[in-house]
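Please read them beside the coordinates.

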Number of protein chains: 2
Amino acid sequence: MNHKTVSLADQVFERLENDILLGKYPRGSYLTEHALVEDLGVSRTPIRESLRRLEQEHIIEVSSRGILVLGVTLDDLADIYAMRLQLEPMVVARAAAVATDEEIAELRETLELQQYYVGRHDSDRIKFMDSKFHELLYRASHSTVFYDTLLPLHKKVQKFRKASVENESRADRSFAEHRAILSAIEARDADAAYAAMQAHVENAKMHIVK
Amino acid sequence: MNHKTVSLADQVFERLENDILLGKYPRGSYLTEHALVEDLGVSRTPIRESLRRLEQEHIIEVSSRGILVLGVTLDDLADIYAMRLQLEPMVVARAAAVATDEEIAELRETLELQQYYVGRHDSDRIKFMDSKFHELLYRASHSTVFYDTLLPLHKKVQKFRKASVENESRADRSFAEHRAILSAIEARDADAAYAAMQAHVENAKMHIVK
DNA sequence: TCGTGTATAATTGTATACAAAGATACAGAA
DNA sequence: TTCTGTATCTTTGTATACAATTATACACGA
């Protein structure tokens, strides 16, 4: 396991990013550094360093009035899926070509867990495994650029995926689509991986954006 | 004009990002916060806030040893063009549909300046106008997501575009391609804009990645 | 020569003090 | 009532002090 101590700044960033992307703070509401100091129990320094990163992701905006929560809108959602539809097939095609056996094994484990939780109707963990599967795919492309571009897009969809994973038939089909993607990668078939991912993103888009 | 005072943290970020993306610090070299304090004449606070952002862009990496410069590699370059080829045509098609007359006028002005500097063989300013043209296109799509995704990709190519703009025949053709894109947008022809941008990115890719 | 342990120095991480800009509340005049 | 000016408070921006971890240099022994 990874015992590396992670800085307060990183912890604060992860927590704030998650809270904002899950919609815990409504769009248009204001936070202040002082309030975050109270809530999180750390000084302003790590909080400010987090805010700079959140600002760069355009999910907050800082002014003399305070910290404006932007979050992710439905318009953003549509644009995100438009981009993912263009990009993810290319990325998995690459992954099919260059992924290591270890990476493929990890994808397989994640998919098995997803299947398990689908059977249990545990939507929180389904969502987590779904996220992990995509993240592993990005990483398996061995491209920092692909990873850095797609991971933020995927994270921003979080809030909207909730209904999707709670729908049983969609959860089943989503699992099947993931399995098709993994099979193509296991077979080192880049074209099949491309097609499988294209179908998967199209279906996810239809189901979420509607 | 914009007289808004910009924070030291923002100034430091812009300067460091530029220096790194232009290759001023070689990949693999180390900086320290202390050295930057000396060089830039500001305290560690704004410098650290900049570093967190650069870290997020994966162009530096901070450890107990110091600040490792990553910059942009040739592999990154190829992946960036692969992504831009997928994304930019879609973005200009959108821009053709939604850009305001003011935005189109600004594109026209930028293009005229590009023509002027091409005539003068002023490669620095050609490069600047080229960047500005693309940035205006992203903005004219009226999509924060498109803008946030494409602008970093475009900025990372900076260093490699130098040879391109210094090549007279490529500079001429690049200008002509820009004009084709703008004409399509002026005509509100999304399909033509899509095709023109696709051709432009393909040509740029061939010329730069080779 | 090579390794090892230790002291020192260098570096980042965090907290806090102070500065500056701006928002807010309120009194008073038209 | 409505507007305006002013004092105060709130909020972010910056610098600095201190803590903790890690790298480095060097002496010493095998």
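**Notes on the predicted model**

1. H6(B) and H7(B) cross in a right-handed sense (the near helix is turned clockwise from the far one by less than a right angle). The contact (heavy atoms within 4.5 Å) involves Asp130(B), Ser131(B), His134(B), Glu135(B), Tyr138(B) and Arg139(B) on H6(B), and Tyr147(B), Leu150(B), Leu151(B) and His154(B) on H7(B).

2. The axes of H6 (residues 123-140) and H7 (residues 144-155) of chain B are 9 Å apart and form an angle of about 165 degrees. H6(B) and H7(B) are therefore roughly antiparallel (angles over 145 degrees).

3. This is a predicted model, in which local features need pLDDT of at least 70 and side-chain atom pairs pLDDT 80 or more, while totals for chains, interfaces and linings use all residues. Residues are numbered from 1 along each chain as written, chains are lettered from A and ligands numbered from 1 in written order, and side-chain values use heavy atoms, without hydrogens or water.

4. DNA strand C is surrounded by 21 residues (a heavy atom within 4 Å); Leu8(A), Ser43(A), Thr45(A), Ser64(A) and Arg48(B) are the closest.

5. Phosphate oxygens of DNA strand C lie 2.5 Å from a backbone N or O atom of Leu8(A) and 2.9 Å from a side-chain N or O atom of Arg48(B).

Methods:
Axes fitted to C-alpha atoms, helices over the stretch in contact; angles between N-to-C directions. Helix = DSSP H or I, 4+ residues; strand = E, 2+ residues; numbered from the N terminus. Parallel < 35°, antiparallel > 145°, perpendicular 65-115°, else oblique. Polar contact = N/O pair within 3.5 Å; in protein donor to acceptor, adjacent residues only side chain to side chain.
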